[in-house]
Amino acid sequence: MFTPRTKILIGVTALTVAAMGATAYAQQTDSPAGRHTPTPEQQAKFVANMAKRQAKWHDDLQITPAQEGAWQTFLGKIKPVRPDGSLQRPNKEEWAKQTAPERLDRQMEFMKRAEARLAERSAAVKERM
């Protein structure tokens, strides 16, 4: 069905694609959390999308001028906050050096902070306007 030349071309193409994928994977930036920091463009896009959602909520809820102060207070309370740098995720090498109890303690600290942020947002949503 395929000529030997076609088979060789298919094989070379497959190897080339695989090599390109491996190269792209190897070129990923090493950040402490294994994730990239959002670019200024991504951050601006996030802020714009959040503003659109808030405007939609404002319109859907039919916020009156009398409720505007409470609405702004609510928005201030639910505003996403980037975590401070005091408890960054360790890189793979640091993580491998830690004992299991140390890893669990670190995970518990992350969970406590996440729970605190969730409790603040939940209280803001439940608060009467």
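The model is predicted, so local features need pLDDT of at least 70 and side-chain atom pairs count only at pLDDT 80 or more, while totals for chains, interfaces and linings use all residues. Residues are numbered from 1 along each chain as its sequence is written, and side-chain values use heavy atoms, with hydrogens and water left out.

**Exercise 1.** State how many helices and strands the protein chain has, and what percentage of its residues is buried.

*Solution.* Step one: helices are DSSP runs of H or I with at least four residues, and strands are runs of E with at least two, numbered from the N terminus. By this rule the protein chain has five helices and zero strands. Step two: buried means under 20% relative accessible area, exposed over 50%, and partly exposed in between, with a 1.4 Å probe and protein chains only. Of the 129 residues, 9% count as buried.

**Exercise 2.** Check the span of helix H2 against its number of residues.

*Solution.* Step one: the expected span is 1.5 Å times one less than the number of residues. Just after H2, Gln-62 has a positive phi of about 50°.

**Exercise 3.** Describe how H2 and H3 pack, and which residues make the contact.

*Solution.* Step one: axes are lines fitted to C-alpha atoms, for helices over the stretch in contact, and angles run from 0 to 180 degrees between N-to-C directions. Helix H2 (residues 40–61) and helix H3 (residues 68–78) pack at about 145°, with axes 12 Å apart. Step two: contact means heavy atoms within 4.5 Å. H2 contributes Gln-54, Trp-57, His-58 and Leu-61, and H3 contributes Glu-68, Trp-71, Leu-75 and Ile-78.

**Exercise 4.** Classify Trp-57 as buried, partly exposed or exposed, and list its contacts beyond four places in sequence.

*Solution.* Step one: Trp-57 lies in H2. Step two: its relative accessible area is 33%, so Trp-57 is partly exposed. Step three: leaving aside neighbours within four places in sequence, Trp-57 is in contact with Trp-71 and Ile-78.

**Exercise 5.** Locate Gln-98 and decide whether it is buried or exposed.

*Solution.* Step one: Gln-98 is in the loop between helix H4 (92–97) and helix H5 (100–126). Step two: Gln-98 counts as buried because its relative accessibility is 18%. Step three: not counting residues up to four places away in sequence, Gln-98 touches Arg-103 and Arg-106.
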